[in-house]
Amino acid sequence: MSNETRMSDETRTTSSRPVPAPEPLWSAPDDGIPAELRVTPGLPWSERWAALWRRHRVRGERARAFYAASRNPERGLPVAGNAAAWAFVKRLLRTRKPMFALTVVTNLAAAMAGLIVPRLLGNLVDEVTGGSAAAAQVDSIVIGVIVVVLIQAALVFAARRASAVLGYDLLAAAREEIVDTVLRLPLGRVEAASSGDLLTRITSDVSKMSQSVRWAFPQLVMSAVLVVASLVALVLNSPFLAISILGSLVVLVLATKAYLKNAGAGYITESGTYSRINSTTTETVEGARTVEALGLGAGRIAIGDADIAESNQAERYTMTLRNLFFIFLDVSYQLPLVGVVLLGTWGYAQGWVTLGQITTAAIYVQGLVEPMDRLIQVFDTLQVGLAATTRLLGVAEVPEDRTPGDAVPEGTEVVGSDLRFAYRPGTDVLHGIDLDLRPGERLAIVGPSGSGKSTLGRLLAGINGPRTGEVDIGGVDVMELPLDVLRTEVALVTQEHHVFVGSVRDNIVLARDRELEGDAVDAAVLDALRAVDALDWVERLPQGLDTMLGHGRVHLTPAQAQQVALARLMVADPHTLVLDEATSLIDPRTARHLEGSMAALLEDRTVIAIAHRLHTAHDADRIAVVIDGRIAELGSHAELIARDGEYARLWRTWRS
């Protein structure tokens, strides 16, 4: 979309002069890429190389700045340090010492078996060149080689199996810990963070961590054991010829040190740009109606293009790091073979080594190429996995949003006093609300969209803490109640719902699966289903309560899924319920019937219903009309209609 003033195709005029169209709602943003990162075509080779290194330096500076900001961001989820990731790996390995030891031992045995064959061949060369080799000796060496190869094949199979078992066991444990960490996140902090960031962490980052744990870590163990064993065998064969490996080790250490110094920040930045792309895409898709209605499509595409441009720069930086690292690694494992030939020629001329030792050393050095090459691949994959793990573990560093105390509520009264709340500093969306709920009361909260109804409901349910004031239940601040206690006191059901993979029974009894046993489970589930008017269609399912729901199984309609969510709430049995548009996905007639059928079950509970359907308000004991973050009116339906204020206007509008 152009930044210039646009003229309509059919220009309307007053008198003889055209009237210009209004300014567009959106102006294309700068993609944020500095000029020094843009490629200038047609430069001479010398200037092209200089520009390439300048771009690499600038990308590195941007990556380090991004990484520093990601450790303790103002908004969003933090990133843990490398030390936390290594501690995480050590913690997983510490509980699997026998399996880890078996993996190392079997890989070491397989490596040692593989190192015997070159030594036998070296001995054969010495025997032949010395002229003392008899046919029987040659036959015995050949048979020995065959036997060793067969033994090595069996040991390699055992080593790979042990490595695979260890890798998948580590992966399962890592996933369980990550899921446990994510589920402990404060809900308020989750919603304040970018949805794309959390989505990227639990999808892309988990996948990268999975690849590292399942494949790269076992390969690292196998390759490292083989490399170390080969180096030891090379020294035992001939210390003089082993000198050929020193240059490679120096190159390898220096290259690895330089790579590690920059790779972490690079991969963290790369993953961060993926989060930004996901956030933009998610926001655009979820707001598709608004984008279409306001003609913002070109603007959203341009923002996405800018995010992709940022990601392109991050990927170019890590790609350059990898290419430079691989160049030095290639050199490091090609040099030893040249060194063996040169040193071997000199040493043989001096009588320091035999042809058999040179042959053995050459085979050992050549045999190092494969594990070293595999280490290159593994090292890069592990670095990506390490960056992903630090992002996942960063979720655990999100500070708690409450400090639980020891006080126990004395009663079920819900009292909110001087409630103010801001999603962003300096911009309150609630302004000093006072609300006193009587036990068993039905309170309806109504008002126009964006007035603060849902925010007030979240504060009353203890999801978020107010900026000022407090919400008390039985005289105790909700933010001082442990979550497991709080959810037995008050629960929130929103218009969003989720059906978990599992049976109907498991989905509903989820909130009290540790408390109910035996026949009490089915009794509670059936009562809840009957209360939310869902028992009929559940009984018609193929296996009734045992019918499996969730992805790839029996699919529920939005109305049925919402009834399951409400039944889950009934089983949880809190004394106060906050229903935030809880029946919005059910057609009005069904919703009206559902709310009526719930009335008996809600007899002794305090119910706070946030809804746009004003028949809910009509049935409530009191109605709170929220306008611009304040309670404009409070009273019964009859009282507010008689007052002829905001509620009366809303009622007339809704009935018309």
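Reader: How many bridges join strand β3 to strand β6?
Author: Strand β3 covers residues 414–424 and strand β6 covers residues 468–473, and they run antiparallel. Two strands pair here if DSSP finds at least two bridges between them; helices (H or I, at least four residues) and strands (E, at least two) are DSSP runs numbered from the N terminus. The number of bridges joining β3 to β6 is 5.

Reader: What kind of model is this, and which residues do the totals for chains, interfaces and linings use?
Author: Residues are numbered from 1 along each chain as its sequence is written, and side-chain values use heavy atoms, with hydrogens and water left out. It is a predicted model: local features need pLDDT of at least 70, side-chain atom pairs count only at pLDDT 80 or more, and totals for chains, interfaces and linings use all residues.

Reader: What positive phi does glycine 426 have in the turn between β3 and β4?
Author: β3 and β4 run antiparallel and are joined by 7 bridges; within this pair, leucine 419 has isoleucine 433 of β4 as its bridge partner. The two strands form a hairpin with 2 residues between them, and the phi of glycine 426 in the turn is about 85°.

Reader: Which are the edge strands of the sheet of 4 strands?
Author: The sheet is open, its pairing is antiparallel, and its order is β4-β3-β6-β7. An edge strand pairs on one side only, and this applies to β4 (427–437) and β7.

Reader: At about what angle does helix α12 run to β12?
Author: β12 belongs to an open sheet of 6 strands with mixed pairing, in the order β8-β11-β12-β5-β13-β14. β8 (490–493) and β14 (630–635) stand at the edges with a single partner strand each, so one side of each has no neighbour in the sheet. With axes fitted to C-alpha atoms, for helices over the stretch in contact, and angles from 0 to 180 degrees between N-to-C directions, α12 runs to β12 at about 155°.

Reader: Which residue of β12 is the bridge partner of leucine 443?
Author: Strand β5 (residues 442–446) and strand β12 (residues 606–610) pair in the parallel sense over 4 bridges. The partner of leucine 443 in β12 is isoleucine 608.

Reader: How far apart are the axes of helix α1 and helix α10?
Author: Helix α1 (residues 45–71) packs against helix α10 (residues 297–350) at an angle of about 110°. That makes α1 roughly perpendicular to α10 (angles under 35 degrees count as roughly parallel, over 145 as roughly antiparallel, 65 to 115 as roughly perpendicular and the rest as oblique). The contact includes Trp53 and Arg59 of α1 and Glu310 and Tyr317 of α10. The axes are apart by 10 Å.

Terms used: Contact means heavy atoms within 4.5 Å.
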